[in-house]
Amino acid sequence: MTMTADRGIPEAATAYHPYFVVSYAHLPEIADDPGDDEWVREFFGDLETAVRQHASVRSRPIHGFFDQRIPVGLDWKTSLTEALGTAQVFVPLYSVDYRDQSLPGREWACFHQRVKDAGLTDPEPRFVPVLWTPLPAHQHLPWLDKAVALGRDVDGYAKNGLWPMLWIKSYHDSYRAVLNLLARKIVTLAEQWPIRPSEVPDIDETPSAFSIDSPLSVFIIETAVTVGRAAETGPGDTIASGAGWRPFPGQDDSLTQLASQFAERADFRAEIRALTAASDPRARRPGIILIDPLFIAGEDGRRALESAISQLPEWVVPLVVLDRPDDARTRDLARQVREILSAAKALSPTDASRQAAQGVGSLNEFNAIMPKLVREAERQYLTYRSGRVRSQPRSIRPSLRRPRPDELAAPPDKPASPHDPSVGETPDA
């Protein structure tokens with residue numbers, strides 16, 4: 001293995017840049033399960049703490065990059081691009097879905113090209129993959145042997161991956177052992193062999209490193225917003241595109257742009273449309289409807305909303321947006337919107353859907369609920385629609401649930417189960 005990074009780079013050249021960036025497959029929440037993304041969040045926090053403990057540098061902050069930590073109001077693509085261009089190590093979490101999703105493969109390709117452009121003849125050492133979940137024998141990812149070797153001598157890791165070790169208490173010591181092995185590798189590369197920050201390719205234009213040819217699944221963002229409250233409307237229009245709607249103070253990107261970013265982070269291709277009454281509700285793609293309560297102040301808007309939500313499928317989630325939540329008229333119109341949704345049976349009996357119908361009154365609330373609604377729409381589509389959301393082919397058909405502890409390789413003091421946790425069923429495509 002040839003290491004050609006410049007050991008003479010001054011500390012100022014890499015100051016305040018992340019030691020590592022975590023890349024992972026975004027998965028929807030299922031029922032009461034907190035979702036894989038939440039386990040990744042916990043893992044990231046543990047890894048960042050371990051890296052700080054092993055780091056020798058004390059003169060500047062030591063941190064990693066995780067997309068769920070992007071501050072409210074910042075463009076996530078800009079933040080992700082900056083991290084890929086400045087981080088010292090790329091940590092992909094290998095799972096069944098990692099290869100099949102577009103975004104992880106594009107992150108991989110961007111970082112790989114950046115490392116080459118930074119002058120390393122062999123980018124491989126800057127990738128420290130982790131076996132997150134078991135992979136079927138026929139599914140291959142670059143440097144998979146490195147991911148397995150990371151914790152080869154740690155009980156349960158090679159069989160089950162790191163993810164189950166987060167939530168099975170008997171694997172706690174094994175989890176910490178792998179975490180420290182990974183942290184030491186990151187610190188060694190970041191401090192002894194630093195590479196300079198450099199530009200990365202446009203992630204939107206970069207193909208996945210894993211040669212995924214299938215198009216991304218579509219997530220529809222519809223808007224019910226009054227004329228004059230959206231920047232891009234035509235004279236005399238009643239149903240606006242909402243493409244320029246910025247209901248909250250200090251909002252740079254429009255609400256539809258922000259919603260699109262959340263959909264894209266979940267590996268969808270977002271499409272923005274005006275409110276539409278579908279002739280065949282079951283033909284609708286998963287999505288959300290952003291509703292301005294003032295939209296129903298006029299009879300035309302009320303009829304348009306009633307028509308659009310008639311026979312609304314479970315995988316299209318209405319979100320009421322309150323730009324003036326303390327205004328009595330706004331609250332009254334929001335109540336009427338909820339009555340319309342309830343009468344049309346357009347409210348799914350889930351916490352996320354109920355919260356969305358109650359409405360969001362700030363940019364922080366919008367950003368907090370949007371990831372839940374994207375996952376909710378996908379989960380409902382997978383549950384009720386005859387077909388899978390994901391358009392990419394899968395090498396196996398993974399279960400939409402977390403494997404039970406008794407399906408995993410047992411710790412040394414328990415007999416192993418013969419069940420293979422890597423195989424399960426999803427609704428038919």
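Colleague: Let's start with phenylalanine 210: buried or exposed?

Modeller: Quick heads-up that this is a predicted model. In it, phenylalanine 210 has 5% relative accessibility, so it counts as buried, because buried means under 20%.

Colleague: Okay, and which ring does tryptophan 108 pair with, and how is that pair arranged?

Modeller: With the ring of phenylalanine 210: the centres are 5.7 Å apart and the planes sit at 55°, so the pair is tilted. Tryptophan 108 is in helix α4, while phenylalanine 210 is in the loop between α8 and β4, so the pair ties together parts that are 102 residues apart in sequence.

Colleague: Is tryptophan 108 buried or exposed?

Modeller: Tryptophan 108 counts as buried, with 3% relative accessibility.

Colleague: How many aromatic pairs are there in the whole structure?

Modeller: A search of the whole structure turns up 18. One of them joins tyrosine 98 and phenylalanine 210, a tilted pair with 5.9 Å centre to centre and 55° between the planes.

Colleague: Where do tyrosine 98 and phenylalanine 210 lie?

Modeller: Tyrosine 98 is in the loop between β2 (89-94) and α4, and phenylalanine 210 is in the loop between α8 (172-192) and β4 (217-224), so this pair links parts 112 residues apart in sequence. Tyrosine 98 is buried too, at a relative accessible area of 0%.

Colleague: Which residues form the aromatic cluster?

Modeller: Phe90, Tyr94, Tyr98, Trp108, Phe111, Phe127, Trp143 and Phe210 form one cluster.

Colleague: New topic. What's up with the charge on glutamate 107?

Modeller: Glutamate 107 lies in helix α4, which covers residues 102-117. It's buried yet has no salt bridge. The nearest side chain of opposite charge is arginine 106, 8.0 Å away, whereas a salt bridge needs the charged atoms within 4 Å.

Colleague: So what does glutamate 107 touch?

Modeller: Leaving out residues up to four places away in sequence, glutamate 107 touches Ser23, Tyr24, Leu80, Leu84, Phe90 and Ile203. Phe90 also belongs to that aromatic cluster.

Colleague: Last one: where is proline 325?

Modeller: Proline 325 is in the loop between β7 (316-320) and α11 (328-343). Its relative accessibility is 31%, so it counts as partly exposed.

Colleague: And which residues does proline 325 touch?

Modeller: Not counting residues up to four places away in sequence, proline 325 touches Arg331 and Gly361. Proline 325 and valine 360 are 35 residues apart in sequence, and their C-alpha atoms are 8.2 Å apart in space.

Methods:
Residues numbered from 1 in each chain as written. Predicted model: local features only at pLDDT ≥ 70, side-chain atom pairs only at ≥ 80, totals over all residues. Heavy atoms only, no water. Helix = DSSP H or I, 4+ residues; strand = E, 2+ residues; numbered from the N terminus. Buried < 20%, exposed > 50% of the residue type's maximum accessible area, 1.4 Å probe, protein only. Contact = heavy atoms within 4.5 Å. Lys, Arg positive; Asp, Glu negative; His and termini not counted. Phe/Tyr/Trp six-rings, centres within 6.5 Å; stacked < 30°, edge-to-face > 60°.
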